[in-house]
Amino acid sequence: MLYTPETYQIEKDLVQWCKTGESVTIPGTRQKGLDQYRRLLRNNIHNAMEQAFPIAFTVLTESQWDTLIDDFHANHPAATPQVWKLPEEFYTFVEAHRYAEKFSLPFLNDLLHFKWIEIAVHTMEDQQPEPYRNEGDPLADTIVVHPEHSIIRLKYPVHLYAAEEALAHEGDYFLLPFRTRDFDVRFVDLPALHAFYFEQIKQGKTGVKLLKELEQSSGKILNTKALKQNLLGFIQTMFSQGIFCGYQAGI
Amino acid sequence: MQPSIQTGIGFRREIADDFFGQTVLQPDFIEMAPENWVGLGGYWGDVFRRVTECYPVILHGLSLSIGSPEEPDWTFLKEVKKMIRKYNVKIYSEHLSFAKLDNAHLYDLLPIPFRKDAIKHIVKRIRQVQDFLEMQLTLENVSYYTPVAAEMRETDFIREIVAESGCGMLLDVNNVYVNAHNHGYNAKEFIDQMPLDKVNYFHMAGHLQVAPDLIIDTHGEPIIDPVYDLFDYTTAKMGKNVPVLLERDFNFPEMEELALEMKKLREITAKNSKHHVIHA
Ligand SMILES: [Fe+2]
């Protein structure tokens, strides 16, 4: 760096002012201009977050929202050069600093997570599935999963109910957002068992192997016939949604 | 620059849906911010693919932050370089300002102190970036709302950086107008002192006057007549034709209105290019 410490400090002071509004003395500045910069920078954050999290923006009180924006703006060193990715940093900031507890809004993290994951799946880079064939045995063959998806676990079903209402339905919710071939994002609600199936199949396990393992580990408690039907139904749903593409080719 | 690349428009998500299939707006090129498109798949990735198939692209970055104390973000610049190669980009422009500090992004352009040490620092950075990209960097004069610990005039600051670094200049005529108003100098005299032979790209935009002594460079309004006049003055002084961009970032009007603004820019360029030597 060829800046003198003084010039470096001037830039630091200017940024500090913009982020916190704590008054600084920088030679030759005009307060009116400094005010504009603070307003512009904060607005950029506010607008980007309001656009990404419209429900959170509505559910939070004005002062809660302003607190989040001000704290994030003042304290978070934004890592991404791409402002459309900033909502992820905002969501993790809110979670890490426990605003859900501070505001007594237990669903807040889930609300932000749910919206972020929708953006993430909508914008994720195009990815091709492994080579696959269309014909195969749903239980005996290895299934190819389309990579343009994600899977998240929520405590409050903010995808099913209005945020406040979701509070009454606390539980374990698995949600599988995926991108359709015409670029929409759809969500599939998965019972815990299906989320387990999904992860196993994604790792390349066949239905037959999966059933066998379940049988072995559960003793005689499970009804294997019912389990098989349940797994088949799940696989069919995944195929019909396009999340499962086909059967591993070349085997 | 091919003679056909003359008048362009900033391509943003907000205009994408109206852009395809229309014939009202016929830009010779589009300008895109790599930050808004790098790594995008799905719907927007498809839009990007389609638009880059139809139009030559000029890149206009937002996050290079040439006036930052820290090293440039080489990882992101690598992506920019790929884009430059893939889409045969002839101009990669950025801002003579800083937009991050100690690697924390600010998503806006802050004014660099006009000081000797800043010139040295920035010249070194420009050279590093040009070496890395293996092409010339083009830097834009930015609008600013307060001077910051200036030790010299803005014109000297810009001239010295351009002369010493070998970078090109993107002359934003509206920014000159805005700054002249906000800081009380004469816009034409400012233009007179710019290294016009190094200018390889123009920006033209609208702005918003929020107080008698304060104009904000919004890119959300139509270009006003005094800025067209300043563009006329500048292009008449230039010895060559360079592309000009209509910058509109929000508050988008009908396509017809944007087309009229582009038409006006074309007319002014055509009028003043009669006397220019054509550089093929
Ligand atoms: Fe500009």
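Me: In this predicted model, what is the distance, N to O, in the salt bridge between the side chains of A:Glu6 and B:Arg115?

Reply: A salt bridge is a side-chain nitrogen of Lys or Arg within 4 Å of a carboxyl oxygen of Asp or Glu. The model is a predicted one. The side chains of A:Glu6 and B:Arg115 meet that criterion, with an N to O distance of 3.0 Å.

Me: Which parts of the structure does the pair of A:Glu6 and B:Arg115 join?

Reply: A:Glu6 belongs to helix 1 of chain A, residues 5–20. B:Arg115 sits in the loop between strand 6 (104–110) and helix 5 (116–133) of chain B. Because the partners lie in chain A and chain B, the pair joins two chains.

Me: Is B:Arg115 buried or exposed?

Reply: The cut-off for a buried residue is under 20% relative accessible area. B:Arg115 has a relative accessible area of 5%, so this residue is buried.

Me: With which residue does B:Asp117 form a salt bridge?

Reply: The closest N and O atoms of the pair are 4.0 Å apart. Both residues of this pair are buried. The partner of B:Asp117 is B:Arg115.

Me: How many residues apart in sequence are the parts that B:Asp249 and B:Arg12 tie together?

Reply: B:Asp249 forms a salt bridge with B:Arg12, and the closest N and O atoms are 3.6 Å apart. B:Asp249 lies in the loop between strand 12 (244–247) and helix 10 of chain B, whereas B:Arg12 lies in the loop between strand 1 (7–10) and helix 1 of chain B. The pair therefore ties together parts whose separation in sequence is 237 residues.

Me: Are B:Asp249 and B:Arg12 buried, partly exposed or exposed?

Reply: Buried means under 20% relative accessible area and exposed means over 50%, with partly exposed in between. B:Asp249 has a relative accessibility of 25% and so counts as partly exposed. B:Arg12, with a relative accessible area of 25%, is likewise partly exposed.

Me: How many salt bridges does a search of the whole structure find, over all chains?

Reply: One network of salt bridges links A:Asp126, A:Glu148, A:Arg179, A:Arg181, B:Asp46, B:Arg49 and B:Arg50. Over all chains, the search finds a total of 35 salt bridges.

Me: Which elements give two or more residues to the negative patch?

Reply: The negative surface patch is formed by B:Asp17, B:Asp18, B:Glu254, B:Glu256 and B:Glu257. The elements that give two or more residues to this patch are helix 1 (13–19) and helix 10 (255–273) of chain B.

Me: Is B:Asp17 buried or exposed?

Reply: B:Asp17 is placed in helix 1 of chain B. The cut-off for an exposed residue is over 50% relative accessible area. B:Asp17 has a value of 56%, so this residue is exposed.

Me: How far apart are the C-alpha centres of domain 1 and domain 2 of chain A?

Reply: The domain assignment of chain A gives domain 1 as residues 5–105 and domain 2 as residues 132–248. Between the C-alpha centres of these two domains of chain A, the distance is 39 Å.

Me: Where in chain A does A:Arg98 lie?

Reply: A:Arg98 is a residue other than glycine with a positive phi, near 55°. Its place in chain A is the loop between helix 5 (86–96) and helix 6 (99–102).

Me: What is the phi of B:Asn88?

Reply: B:Asn88 is found in the loop between helix 4 (74–86) and strand 4 (92–95) of chain B. With a relative accessible area of 51%, B:Asn88 is exposed. Although B:Asn88 is not a glycine, its phi is positive, at about 50°.

Key:
Residues numbered from 1 in each chain as written. Chains lettered and ligands numbered in written order. Predicted model: local features only at pLDDT ≥ 70, side-chain atom pairs only at ≥ 80, totals over all residues. Heavy atoms only, no water. Patch = residues over 30% accessible without salt bridge, like charges linked within 9 Å, V, L, I, M, F, W, Y side chains within 5 Å. Areas by Shrake-Rupley, 256 points an atom, 1.4 Å probe, with all protein chains shown as cover. Lys, Arg positive; Asp, Glu negative; His and termini not counted. Charge placed at Lys NZ, Arg CZ, Asp CG, Glu CD. Helix = DSSP H or I, 4+ residues; strand = E, 2+ residues; numbered from the N terminus. Buried < 20%, exposed > 50% of the residue type's maximum accessible area, 1.4 Å probe, protein only. Domains from an automatic or database assignment.
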